[in-house]
Amino acid sequence: MKPSAPLAIAILGWALLPTVARGAASDTVDYGTNAAIAWNAGYTGDGQTVAVIDSGTDARHAWFHGQVASEACFTGPAQGAWRPTCPGLGTTADDVLQPGPMFGPGAAAPPRWGWNITASGWDAAKSYHGTHVAGVVAGSPSWLLGFRIGRRGIAPDANVMAINAFSVNADGEGGGGRAKDVAAALRWVNSQRTTHRIAAVNLSWSNGESAGNEDRLCRDAKALAASGHSETRDAINELGANGIPVVAASGNEGGTRVGFPACLPNVIAVGAVNTDTGDVSASTPSSKQIAVLAPGTSIVGPRFDGTIESANGSSY
């Protein structure tokens, strides 16, 4: 992402593969990016906001000290096996969550139960994903007696607009963003540009087309229209027209084709490299469309209940 002032942001891909690493994070975490060079030059994201459209963000986590500046949820009504995940009763496995739109504190709280979906079904939905992404983007600095003792996110002084646009599959087959919900989230971010200084919009996911066909929605107008993602494309175009860059994961299938929406010409496509070796990840497409490569293994980030985990993803 490259807003008006340099702002280095690591983008977390949709396919997070949790490891067993848990516990206290180091006070300074830069994921092998040498971000301290930018921090020492004054580029910490101060005064800027990153919109994270994902599965929601747990604003109560210790990595976020009031940095979640705005929240919204755009998961639509139930359709087929898909269920909305905006905060509802959500106290037992039988309680239903609500359709959006919903705004204000807690609106983007990631779902963990509801719709009588099992714990393993919620794990498959990766509802923790948006919290981890937001932590990588702008996890706040650690403080002791008023003094900074470390940094956690790549842009530790930035704010986050946390948006949940991901529904859950009631059959336990995971979660994802429906086209209308994603487009609504993008349009809402655009409407907030006079309220927040939006440095970029972060889309750490891809459309999930089959291997070898990941960019179909970018090269097949009929397929794009049929998917409903014409609205997504149009909303991204509107953001670009207003000077707000959109950054997206390039995809997780390897090969040579970048997934949607990263394959759009005005989206910054991001791929992953091994944090230790610098080698390009096998899951990252080999494509000239990829504009940025960044560390994508052993990435520490926040999860539920104040925990953290190290994870691997295809696009940071």
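1. Strand β2 pairs with strand β8 (residues 159–164) in the parallel sense over six bridges, where strands are DSSP runs of E of at least two residues, numbered from the N terminus, and two of them pair if DSSP finds at least two bridges between them. Within this pairing A51 stands opposite M161 in β8. Strand β11 (residues 198–203) also pairs with β2 in the parallel sense, over four bridges, and there V201 is the bridge partner of A51.

2. This is a predicted model, in which local features need pLDDT of at least 70 and side-chain atom pairs count only at pLDDT 80 or more, while totals for chains, interfaces and linings use all residues. Residues are numbered from 1 along each chain as its sequence is written, and side-chain values use heavy atoms, with hydrogens and water left out.

3. Because six of the six residues of β2 (residues 49–54) are buried, the strand is largely enclosed by the rest of the structure; buried means under 20% relative accessible area with a 1.4 Å probe, protein chains only. T49, A51 and I53 cover one side, V50, V52 and D54 the other, and all are buried.

4. There are two cavities of 30 Å³ or more, a cavity being a set of points on a 1 Å grid over the protein atoms alone where a 1.4 Å probe fits but cannot get out.

5. Strand β9 gives the most to the lining of the largest cavity, with three residues.

Methods. 1 Å grid on protein atoms, 1.4 Å probe; cavity = no way out; pocket = protein on both sides within 12 Å on 5 of 7 lines; lining within 4 Å. Points joined across faces, edges and corners; volume = space filled by probe spheres on them. Buried < 20%, exposed > 50% of the residue type's maximum accessible area, 1.4 Å probe, protein only.
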